[in-house]
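I'd like to walk you through one structure, starting with its pockets and ending with its charged pairs. Let me put it up on the screen.

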Amino acid sequence: LDRVRSKGGVDPFWGDRQYYQTELASSRLLSDADFISVRAGFRLLRTVKDRHQFLLRTDGGAIMTDNFDDVPLTMRFFAGGDQSVRGYDYKSLSPRDANGIAVGGHYLATGSAEYGYTLFPRWRIAVFSDTGNAFDSVREPFKTGAGVGVRWISPVGPIRLDLAWAVSEPDAAFRVHFSMGPNL
């Protein structure tokens, strides 16, 4: 289920999005694994006095299974990247195997807060903070990224360029994140 409400065309100034997703696999239905995966997310976008834009985002998920090793990597949870926790590589946040390779987690929890200020009619600057992780145990720490960005409102929608730092990692270099399309 997915519901999007917005006002403002290719560069919305107001809107929200909710999504709820459930996936089921069963050995009784020609699958190699038995599991249920649930995921949900919410986005809230508000603009105040035509110049101040606030975007809040949260995503969460869980996989229920008796044998997690049977769950395909493509169905497991990962965090990090342009649409998740900026400051970290795409899908780099998750439990790792003995070789240090990210293998995905049972659970996902991420959140983001962003403030944008319109400098000129088609240009906006932004500051943001993201936090979250994909994990197997609630004892695993969340990772936090923060940064600054610029948004150009092109004829086909916003184009975003962000410089983000992995705040949770000492001595981490900044990362460049590039994305296109509406915030919702």
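Okay, let's start with the largest pocket, which has a volume of about 440 Å³. The lining is made up of 22 residues, and the ones closest to the centre are Arg39, Phe78, Tyr90, Lys91 and Leu108. If you want to trace that lining back to the fold, look at strands S2 (14-25), S3 (35-48) and S5 (107-120), the elements that each give two or more residues to it. By class, this lining has seven nonpolar, eight polar and seven charged residues. One thing to keep in mind as we go: this is a predicted model.

Now on to the second largest pocket, with about 220 Å³ of space. Here 16 residues form the lining, and Leu55, Arg57, Gln83, Arg160 and Asn183 lie nearest the centre. Strand S4 (52-65), strand S5 and strand S8 (157-166) each supply at least two lining residues. What does this lining look like by class? It divides into three nonpolar, four polar and nine charged residues.

Let's zoom out. The protein has nine strands and zero helices. Its C-alpha trace spans about 55 × 40 × 25 Å along the principal axes. Of the 184 residues, 41% are buried. And among contacts with a separation of 6 or more, 49% are between residues 24 or more positions apart.

Side chains of opposite charge can pair when their charged atoms come close. How many salt bridges does a search of the whole structure find? There are 13.

Take aspartate 2 and arginine 17, whose closest N and O atoms are 3.0 Å apart. Aspartate 2 sits in strand S1 and arginine 17 in strand S2, so this pair ties together parts that are 15 residues apart in sequence.

Next, arginine 86 forms a salt bridge with glutamate 114, at 3.1 Å between the closest N and O atoms. That one links the loop between S4 and S5 to strand S5, across 28 residues. Buried or exposed? Arginine 86 is buried, with a relative accessible area of 5%, and glutamate 114 is buried too, at 10%.

Then there's aspartate 162 with arginine 151, where the closest N and O atoms are 2.4 Å apart. Aspartate 162 is in strand S8 and arginine 151 in strand S7, 11 residues apart. Aspartate 162 counts as buried at 3% relative accessibility, and arginine 151 counts as buried at 3%.

To finish, salt bridges that share partners join Arg57, Arg86, Glu114, Asp130, Arg151 and Asp162 into one network.

Conventions. Residues are numbered from 1 along each chain as its sequence is written. This is a predicted model: local features need pLDDT of at least 70, side-chain atom pairs count only at pLDDT 80 or more; totals for chains, interfaces and linings use all residues. Side-chain values use heavy atoms; hydrogens and water are left out. On a 1 Å grid over the protein atoms alone, a cavity is a set of points where a 1.4 Å probe fits but cannot get out, and a pocket is an open set with protein on both sides within 12 Å along at least five of seven lines; lining residues have an atom within 4 Å of a point. Grid points are joined across faces, edges and corners, and a volume is the space filled by probe spheres set on the points. Helices (H or I, at least four residues) and strands (E, at least two) are DSSP runs, numbered from the N terminus. Ala, Val, Leu, Ile, Met, Phe, Trp, Tyr, Cys and Pro count as nonpolar, Asp, Glu, Lys and Arg as charged, and the others, Gly among them, as polar. Buried means under 20% relative accessible area, exposed over 50%, partly exposed in between (1.4 Å probe, protein chains only). Contact means heavy atoms within 4.5 Å. A salt bridge is a side-chain nitrogen of Lys or Arg within 4 Å of a carboxyl oxygen of Asp or Glu.
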